[in-house]
Amino acid sequence: MLFDPEPKKDKKDFYNREAELQELLESIKREKFVVIQGIRRLGKSSLLNVALAESKHPFVRLDLREVYFTYGSVSKFHLYRALSQELSKLSRIHRFTSWLEKVRGVKIAGFEIQLDWREKGASLTDIFRAMDGWASARGEKVVIAIDEAQYLRLAGRTRYDGLLAWAIDNLGNLVFALTGSQVGVLQDFLGTEDPRAPLYGRHARIIELGRLSHEQAMDFLKEGFKEAGVKHPDLGEVVDALDGLIGWLTLYGYTYVSEGKAELDRFLKMAAKLAAEESKKILRWSDRYQTVLRAVAGGALKWSEIRERASVKLGPISKSDLTYLLDKLVRYGYLERLQNGSFVIPDPVIRYMATKF
Ligand SMILES: Nc1ncnc2c1ncn2[C@@H]1O[C@H](COP(=O)(O)OP(=O)(O)OP(=O)(O)O)[C@@H](O)[C@H]1O
Ligand SMILES: [Mg+2]
């Protein structure tokens with residue numbers, strides 16, 4: 001179903017990302033490191049999932065946002081647990097446990113694979129090496145997919161960027177496919193632009209997801225309503241309001257179809273509440289972020305205008321404080337800095353949230 005609100009897994013539910021899908025499949029075939037990036041709700045996870053299904057390669061897929069939102073952190077313990085589950089799943093499809101048997105800290109019982117996460121337990125280097133050996137023996141590739149990879153920076157003392165760099169250099173049969181919605185945070189974590197970082201200079205294929213055009217958004221909604229067998233309302237103002245973000249369009253369609261109606265203003269309120277909940281968890285939200293966003297929500301604004309507006313509410317605000325707040329909002333994808341130095345809020349729901357809440 002096009003309006004299914006979960007990330008898509010099956011190509012038949014996946015609307016018109018043919019070029020990006022082919023690019024990703026091609027990268028999985030030919031390269032070792034590919035990164036899908038873009039703000040929230042552009043369809044990164046769906047693209048990744050559909051490509052994994054279409055590519056037919058064995059894969060493990062870690063959803064680190066799910067881990068973060070479930071446990072409030074992404075510790076090494078949680079990371080190992082998620083990987084244990086994925087390896088167990090994979091071992092039910094492919095018999096490869098013999099490759100892991102000899103790895104220190106790996107326990108195997110039937111199809112269940114358990115990784116010892118403690119200091120002297122299983123090392124990811126050994127596990128990746130074993131998977132690479134298995135893949136190489138089959139003349140295959142294995143895809144290590146990490147959704148919302150920026151959370152790896154929180155997972156304990158291990159330098160995961162170093163581990164990735166090592167695996168990319170040494171293990172010819174593994175492909176790493178990462179996504180990230182906090183694009184600035186992901187780039188900092190990967191350090192691909194930082195000469196001191198382990199991943200510096202490694203070639204990463206970047207797939208930048210964009211919005212749907214006005215026509216595509218209209219077409220997507222119409223297709224979705226047709227598939228659901230529901231007569232669609234006038235969609236002009238919905239498409240104008242949701243700005244080509246496929247995630248919000250999907251949620252709108254889903255809400256309309258399940259409730260038999262979805263008045264736009266009520267929908268925006270509901271979506272903004274959802275976005276506010278999420279942002280609280282991500283930014284450990286404070287009034288200051290909210291005030292800065294509200295200052296920007298009115299239109300594309302320069303630094304000095306934002307300072308003026310924000311200080312009405314917050315009192316005098318130092319240059320460095322405002323720079324810190326703006327940088328953080330940009331790194332996490334809540335703001336975008338335009339070429340001319342102005343700031344805008346790229347997500348219409350966040351814009352709504354900033355003005356109304
Ligand atoms: N090509 C597509 N066809 C149909 N629905 C899609 C498509 N891409 C995304 N969606 C829908 O849009 C919503 C957001 O998609 P998805 O979770 O894949 O995006 P995302 O970029 O990973 O978002 P986030 O940054 O929040 O993780 C989901 O409801 C998903 O089902
Ligand atoms: Mg996602």
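Start with the largest pocket, which has a volume of about 1300 Å³. A pocket here comes from a 1 Å grid over the protein atoms alone: an open set of points with protein on both sides within 12 Å along at least five of seven lines, whereas a cavity is a set of points where a 1.4 Å probe fits but cannot get out. Grid points are joined across faces, edges and corners, and a volume is the space filled by probe spheres set on the points.

Some housekeeping before you click further: this is a predicted model, where local features need pLDDT of at least 70, side-chain atom pairs count only at pLDDT 80 or more, and totals for chains, interfaces and linings use all residues. Residues are numbered from 1 along each chain as its sequence is written, chains are lettered from A and ligands numbered from 1 in the order in which they are written, and side-chain values use heavy atoms, with hydrogens and water left out.

**Stop 1**

A residue counts as lining if it has an atom within 4 Å of a point. Now colour by secondary structure, with helices (H or I, at least four residues) and strands (E, at least two) taken as DSSP runs numbered from the N terminus. Helix 2 (44-55), strand 2 (59-63), helix 3 (64-71), helix 4 (76-93), helix 11 (246-259) and helix 12 (264-283) each put at least two residues into this lining.

Colour by residue class next, and you get 16 nonpolar, nine polar and 21 charged residues in the lining of the largest pocket. The classes put Ala, Val, Leu, Ile, Met, Phe, Trp, Tyr, Cys and Pro under nonpolar, Asp, Glu, Lys and Arg under charged, and the others, Gly among them, under polar. Domain 1 (17-208) and domain 2 (214-269) each give at least three residues to that lining, with bounds from an automatic or database domain assignment.

**Stop 2: ligand 1**

Which residues come nearest to ligand 1? Pick out Glu-6, Lys-8, Tyr-15, Lys-44 and Ser-46, from a set of 24 residues around ligand 1; to be in such a set, a residue needs a heavy atom within 4 Å.

One is 2.5 Å from an N or O atom in the Lys-8 side chain. For Ser-46, the distance from a ligand oxygen to a side-chain N or O atom is 2.6 Å.

**Stop 3: the largest cavity**

Two cavities of 30 Å³ or more turn up. Go to the largest one, with about 150 Å³ of space. Its lining has 14 residues, and Arg-40, Gly-333, Tyr-334, Asp-347 and Ile-350 lie nearest the centre. Helix 12 contributes the most, three residues. The largest cavity lies between domain 1 (17-208) and domain 3 (281-356), because both give residues to its lining. By class, that lining is eight nonpolar, two polar and four charged.

Stay on Arg-40, in the loop between strand 1 (33-37) and helix 2. Is Arg-40 buried or exposed? Arg-40 is at 19% relative accessibility, so it counts as buried; buried means under 20% relative accessible area, exposed over 50%, and partly exposed in between (1.4 Å probe, protein chains only). Show the side chains of Arg-40 and Glu-278 and you will find a polar contact at 2.9 Å. Such a contact is a pair of N or O atoms within 3.5 Å; within protein, one must be able to donate a hydrogen and the other to accept it, and residues adjacent in sequence count only if both atoms are side-chain atoms.

**Stop 4: the second largest cavity**

The second largest cavity has a volume of about 120 Å³. Select its lining, including Leu-62, Leu-79, Phe-128, Ile-144 and Phe-176. Helix 7 supplies the largest share, three residues.

**Stop 5**

Asn-16 has a positive phi of about 40 degrees although it is not a glycine, and sits in the segment before helix 1 (18-30). Glu-148, also not a glycine, has a positive phi near 60 degrees; look for Glu-148 in the loop between strand 5 (142-147) and helix 7 (160-170). Asn-16 is partly exposed at 38% relative accessibility, while Glu-148 is buried at 2%.
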